[in-house]
Amino acid sequence: MPMDLAQPRRVEHQQTDKGYVPVYTTALVEQPWDTYSADDHATWSTLYQRQRELLVGRACQEFLDAQDEMGMNAHMIPRFDQLNEVLGAATGWTLVGVEGLLPELDFFDHLANRRFPVTWWIRRPDQIDYIAEPDLFHDLFGHVPLLMNPVFADYMEAYGRGGVKAHAIGPDALQNLTRLYWYTVEFGLIDTPDGLRIYGAGIVSSKGESLYSLESAAPNRIGFDLQRIMRTKYRIDTFQKTYFVIDSFEQLMQATSPDFTPIYAALADQAHLPAGDVQADDHVFQAGTGEGWADGGDV
Ligand code: PHE
Ligand code: FE
């Protein structure tokens, strides 16, 4: 088959007065498993092998064990329906296929109902090391395993409900909540008796950041603090300047269980913090050297 025909369809982009924005597709799609090419499976295989090797001793054990329990392996791209049997039995979550990023409210609604949207297509071979938008490897390899953990599974559902609520409150509340997702679900570290480990999906699906987040002297590593995180900007185009460290998934669940409405109100007149700042009352695991940090660009 000519190379072009083997390429999955991408989220389309459109020029608008707000710039070049993705055209979101909200429809759910059945995973077209039979249409994956040999290249697609090879991309999964390469990435799976490379990350698993790297993540033993770096990712938290819950993550690694869950991948094994779900039967993920380097052989071929997993089938959503097979994963769903295991996942459904373990925590009642269901994977649903999507074309790409969803509008916020749709995404929250899925999570609130224990449905996790997974992008069905996988990156091209020349995008092995970096792709800006989430693909199947990021979503499936990175996010899905921890949905097997009962506490984390509940956290994700609670986050979805919280998202629906924050969406109704307004854009500032939504920004606070998005930062929480970013610094936990995407880029979180966890303290274990064996040392710091990765649980964030954005880290485990990246070779470079798996090494950087744990081993580089450059970034800050700071103890989880809900309001601190909600005030902190983040990076979307470089490795993070700061990683936040939880003690346990129970801590994450407990710290986020209070009603956020008064917290959003209290945060409204507080300054946003630059991604790389260390505050006087931070619990600092490591103050970063800041080496190699880009100026500007925090969002
Ligand atoms: N407790 C939060 C609220 O009231 C909901 C939430 C739970 C948000 C867990 C994120 C994570 O909005
Ligand atoms: Fe993600």
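Tutor: Begin with a term: a polar contact is a pair of N or O atoms within 3.5 Å; within protein, one must be able to donate a hydrogen and the other to accept it, and residues adjacent in sequence count only if both atoms are side-chain atoms. This is a predicted model: local features need pLDDT of at least 70, side-chain atom pairs count only at pLDDT 80 or more, and totals for chains, interfaces and linings use all residues. Residues are numbered from 1 along each chain as written, chains are lettered from A and ligands numbered from 1 in written order, and side-chain values use heavy atoms, without hydrogens and water.

Student: Which residue has a polar side-chain atom 2.5 Å from an oxygen atom of ligand 1?

Tutor: Look for a polar side-chain atom beside an oxygen atom of ligand 1. Backbone atoms also approach ligand 1: one of Thr 256 lies 2.7 Å from a nitrogen atom, and one of Phe 260 lies 3.0 Å from an oxygen atom. The side chain asked for belongs to Lys 165.

Student: How much of the area of ligand 1 does the protein bury?

Tutor: Accessible areas come from the Shrake-Rupley method with a 1.4 Å probe. Taken alone, ligand 1 exposes 330 Å². The protein buries 93% of that.

Student: Which protein residues are the donors of the iron ion (ligand 2)?

Tutor: Donors are N, O and S atoms within 2.8 Å of the metal (3.2 Å for Na, K and Ca); water is not among the atoms, so sites may look incomplete. The protein donors here lie 2.0 to 2.1 Å from the iron ion. In sequence they are spaced H-x4-H-x42-E. They are His 138 (NE2), His 143 (NE2) and Glu 186 (OE).

Student: How many residues apart in sequence are the parts that His 138 and Glu 186 tie together?

Tutor: Helices (H or I, at least four residues) are DSSP runs, numbered from the N terminus. His 138 lies in helix H6 (residues 136-143) and Glu 186 in helix H8 (residues 171-186). So the pair ties together parts that are apart in sequence by 48 residues.

Student: Is His 138 buried or exposed?

Tutor: Buried means under 20% relative accessible area, exposed over 50%, partly exposed in between (1.4 Å probe, protein chains only). His 138 has a relative accessible area of 11%. Glu 186, at 10%, counts as buried. His 138 is buried.

Student: How many of the eight residues of H6 are buried?

Tutor: Among them are Phe 137, Asp 139 and Gly 142. H6 is largely enclosed by the rest of the structure, because the number of its residues that are buried is eight of the eight.

Conventions:
Helices (H or I, at least four residues) and strands (E, at least two) are DSSP runs, numbered from the N terminus.
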